[in-house]
Amino acid sequence: MKRGLLIVLSGPSGVGKGTIREELFKEKSLNLAYSISMTTRKPRPKEREGVDYFFVEEKDFQAGIEKGELLEYAQFVGNYYGTPKFYVEKLLNEGKNVVLEIEVQGALQVMEKCPEALTIFLVPPSFEELERRIRGRRTETEDVVKQRLDKARKELATQDEYKYVVVNDNVIKAKEKIAKIIKENV
């Protein structure tokens, strides 16, 4: 069996990574598997354990870091986020094309450890649109929104590190561009 492709879908908070991922997974010919991330943050409404994230206590996350069990990890606005290595390897060995939907800091770690990974940076049509999307969630305090926007400015400057950059100005068009990129690289 042919080993799957590791796909990194990244970009600033609020750019639409989750929405694009959901659309990509509707295209069964891509043979995608989602790498569920681990986090210490509390679940948002409608998020489910083992589907959207593995929600863990900080002490358990720290133990994973110490044991080298994470492909990448980052701390942001007081919470840790990371990718369990065992889960990704299992899926790749099953021949699945594994999608990591991760923030920029983690993506840069994966690029260093896995230079063969297909890296895609999702950008908003404008910074103003990104701010509108983040504020539109209405799930965070003003201080957290400002932190996310400040971080997004810095992250947008890293897009040249990625193999591909795709503008999310229309979900279906962005999904189609990314699907084409995946098919060209499998």
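Before going on, note that the model is predicted: local features need pLDDT of at least 70, side-chain atom pairs count only at pLDDT 80 or more, and totals for chains, interfaces and linings use all residues. Numbering starts from 1 along each chain as its sequence is written, and side-chain values use heavy atoms, with hydrogens and water left out.

**The sheet**

Select S4, S3, S6 and S5, which in that order form an open sheet of four strands with mixed pairing. Helices (H or I, at least four residues) and strands (E, at least two) are DSSP runs numbered from the N terminus, and two strands pair if DSSP finds at least two bridges between them. S4 (53-55) and S5 (70-76) are the edge strands; each has a single partner, so one side of each lacks a neighbour in the sheet. From one strand to the next the twist averages 25 degrees.

Now show S5 with S6 (residues 79-84): six bridges pair them in the antiparallel sense. Tyr73 has Gly82 in S6 as its bridge partner.

**Helices on the sheet**

Axes are lines fitted to C-alpha atoms, for helices over the stretch in contact, and angles run from 0 to 180 degrees between N-to-C directions. Contact means heavy atoms within 4.5 Å.

In H3, select Tyr87, Val88, Leu91 and Leu92, the buried residues of that helix. They span an arc of only 130 degrees around the axis, which puts them on the same side of H3; the arc is that of the directions from the helix axis to the C-beta atoms. Buried means under 20% relative accessible area, exposed over 50%, partly exposed in between (1.4 Å probe, protein chains only).

**Arg148**

Move to Arg148 in H6 (residues 142-156). Arg148 is buried, at 5% relative accessible area. Its contacts beyond four places in sequence include Phe76, Tyr81 and Glu140.

**Salt bridges**

A salt bridge is a side-chain nitrogen of Lys or Arg within 4 Å of a carboxyl oxygen of Asp or Glu; the count is 16. Select Glu131 and Arg135, whose closest N and O atoms are 2.9 Å apart in such a bridge. These two residues are four apart in H5, so about one helical turn separates Glu131 from Arg135. Arg135 also meets Glu142 in a salt bridge (2.7 Å, N to O).
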